[in-house]
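Hello,

Here is the structure I promised to pass on to you.

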Amino acid sequence: QVQLVESGGGLVQAGGALRLSCAASGSIFSINAMGWYRQAPGKQRELVATITSGGYTNYAQSVKGRFTISRDNAKNTVYLQMNSLKPEDTAVYYCNAQIQATVFRLSDYWGQGTQVTVSS
């Protein structure tokens with residue numbers, strides 16, 4: 001059983017910063033890409049940022065230059081440092097990871113989501 005547990009969401013004023021963390025635990029052989037997605041009320045879930053096991057990163061245009069994704073492979077953890085937050089960043093943020101529980105089994109896993117609210 002694999003679990004992704006997120007932490008770090010909350011309420012912050014515009015211009016402020018938050019750091020999200022997501023730790024994977026359970027039966028893990030290896031972790032490929034990890035990433036963050038978000039879903040605002042009434043909108044579809046969208047990609048925020050992803051990072052490969054080798055450290056290659058990809059960002060949504062709306063967060064480039066403000067958000068930084070990183071990971072600690074020894075801890076099976078991915079982070080999202082969010083700076084210069086804007087009210088339009090308000091959403092539930094979800095962690096995602098492509099995890100091999102065994103060498104033959106690759107699956108997509110999601111965290112439970114953490115609320116980020118940015119006040120104007």
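A residue is called buried under 20% relative accessible area, exposed over 50% and partly exposed in between, with a 1.4 Å probe and protein chains only. C95, at 0% relative accessibility, therefore counts as buried, and C22, also at 0%, counts as buried too.

Please keep in mind that this is a predicted model, where local features need pLDDT of at least 70 and side-chain atom pairs count only at pLDDT 80 or more, while totals for chains, interfaces and linings use all residues. Residues are numbered from 1 along each chain as its sequence is written, and side-chain values use heavy atoms, with hydrogens and water left out.

Those two cysteines form the 1 disulfide of the structure (cysteine sulfur atoms within 2.5 Å), with S to S at 2.1 Å. The link is left-handed, with -80° about the S-S bond. It connects distant parts of the chain, as C22 lies in strand 3 and C95 in strand 9, 73 residues apart. Strands here are DSSP runs of E with at least two residues, numbered from the N terminus.

Strand 3 (residues 18-26) also pairs with strand 1 in the antiparallel sense over 6 bridges; pairing takes at least two DSSP bridges.

Finally, L80 touches W36 and Y93, among others (contact means heavy atoms within 4.5 Å).

Best wishes

Definitions and conventions. Helices (H or I, at least four residues) and strands (E, at least two) are DSSP runs, numbered from the N terminus. Lists of a residue's contacts leave out its neighbours within four places in sequence.
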